[in-house]
Amino acid sequence: MKYLTTCEADTVQCAKNFAKTLKGNEIIALDGTLGMGKTVFTRAVIQALTQTDTDVPSPTFTLLQTYDTPIGTLYHFDFYRLKSPDEAYEIGIEDAFMDGICFIEWPEKIGSLLPKNAIHIVFSNTPNGRQIEIKD
């Protein structure tokens with residue numbers, strides 16, 4: 001599915017719609033360059049699932065933030081600063097893959113550790129805004 005967004009509110013609405021499709025135990029790989037809306041998208045999903053305006057900071061420096069939702073623990077990873085895929089083990093990626101909903105920014109940094117069944121959400125620029133493409 002492809003969505004064209006022209007502002008942050010469009011991205012938030014797309015994320016809220018996506019949140020409704022989640023059942024638990026999904027792995028979502030967020031692909032796109034800096035500033036494309038990956039964290040905005042994830043924040044909106046988390047707020048939709050928790051039904052709160054909870055603060056959702058970017059995990060760029062902490063690498064991981066977790067949130068309790070009615071469908072399971074949501075793990076928000078940001079691997080921008082990862083130097084090697086093995087570092088993902090140190091922050092518990094294996095456990096997250098087994099029992100949680102994982103949103104992974106910069107999934108290319110973990111290479112073959114990313115499960116083949118991951119849902120890819122690709123953020124890209126277009127002449128008329130940004131495109132969000134959900135590939136499952």
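Reader: In which sense do strand β6 and β7 pair, and over how many bridges?
Author: The model is a predicted one. In general, strands of a sheet pair through backbone hydrogen bonds, either parallel or antiparallel. A hairpin of two residues joins β6 to β7. Strand β6 covers residues 119-126, and its pairing with β7 is antiparallel, over seven bridges.

Reader: Which residue of β7 does serine 124 stand opposite?
Author: Asparagine 125 stands opposite arginine 130 in β7. For serine 124, the residue opposite in β7 is glutamine 131.

Reader: Which strand pairs with β7 over four bridges?
Author: Leucine 4 stands opposite glutamine 131 in β7. The strand pairing here is antiparallel, and β7 takes in residues 129-135. The partner over four bridges, made of residues 2-5, is strand β1.

Reader: What is the order of the strands in the open sheet?
Author: The sheet is built from seven strands, and its pairing is mixed. From one strand to the next, the twist averages 20°. The order is β1-β7-β6-β2-β5-β4-β3.

Reader: Which strands stand at the edges of the sheet?
Author: An edge strand here has a single partner strand, so one side of it is left without a neighbour in the sheet. The two strands in that position are β1 and β3 (64-69).

Reader: Is glutamine 131 buried, exposed or partly exposed?
Author: Glutamine 131 is placed in strand β7. Leaving aside neighbours within four places in sequence, glutamine 131 is in contact with Lys2, Tyr3, Val122, Phe123, Ser124 and Thr126. Buried would require under 20% relative accessible area, and exposed over 50%. Because the relative accessible area of glutamine 131 is 21%, the residue is partly exposed.

Reader: How far apart in space are glutamine 131 and threonine 5, C-alpha to C-alpha?
Author: In sequence, glutamine 131 and threonine 5 are 126 residues apart. In space, the C-alpha to C-alpha distance between glutamine 131 and threonine 5 is 6.1 Å.

Reader: How many residues does the largest nonpolar core have, and which element supplies the largest share?
Author: The largest nonpolar core has 23 residues, and Phe18, Ile28, Phe41, Val45, Leu74, Phe103 and Ile121 have the most contacts inside it. At least two residues each come from α1 (8-19), β2 (27-31), α2 (38-50), β5 (100-105), β6 and β7. The largest share of this core is five residues, and its source is α2.

Reader: Which residues is valine 45 in contact with, leaving aside its neighbours within four places in sequence?
Author: Valine 45 is among the residues with the most contacts inside the largest nonpolar core, and valine 45 is buried in α2. Its contacts, with those neighbours left aside, are Ala15, Phe18, Ala19, Leu22, Leu74 and Phe103.

Reader: How many residues are in the other core that lies apart?
Author: Ile27, Phe77, Phe79 and Ala88 are among the residues of this other core. Its size is 17 residues.

Reader: At about what angle does α2 run to β4?
Author: α2 has 13 residues and reaches 18 Å from its first C-alpha to its last, close to the 18 Å expected at 1.5 Å a residue. The helix lies across β2, β3, β4 (72-78), β5, β6 and β7. Its angle to β4 is about 170°.

Reader: What arc do the buried residues of α1 cover around the axis?
Author: The buried residues of α1 are Thr11, Cys14, Ala15, Phe18 and Ala19. They are on the same side of α1 because the arc they cover around the axis is only 140°. What covers these residues includes β1, β2, α2, β5, β6 and β7.

Reader: Is glutamine 51 buried or exposed?
Author: Glutamine 51 lies in the loop between α2 and β3. Glutamine 51 is not a glycine, yet it has a positive phi of about 55°. The cut-off for exposed is over 50% relative accessible area. Since its relative accessibility is 73%, glutamine 51 counts as exposed.

Reader: Is tryptophan 106 buried or exposed?
Author: Tryptophan 106 is found in the loop between β5 and β6. Its phi is positive, about 65°, although tryptophan 106 is not a glycine. Buried means under 20% relative accessible area. With a relative accessibility of 11%, tryptophan 106 therefore counts as buried.

Note on methods: Residues numbered from 1 in each chain as written. Predicted model: local features only at pLDDT ≥ 70, side-chain atom pairs only at ≥ 80, totals over all residues. Heavy atoms only, no water. Pairing = 2+ DSSP bridges. Core = buried A, V, L, I, M, F, W, Y, C linked by side-chain atoms within 4.5 Å. Buried < 20%, exposed > 50% of the residue type's maximum accessible area, 1.4 Å probe, protein only. Contact = heavy atoms within 4.5 Å. Axes fitted to C-alpha atoms, helices over the stretch in contact; angles between N-to-C directions. Expected span 1.5 Å × (residues − 1). Arc of directions from axis to C-beta.
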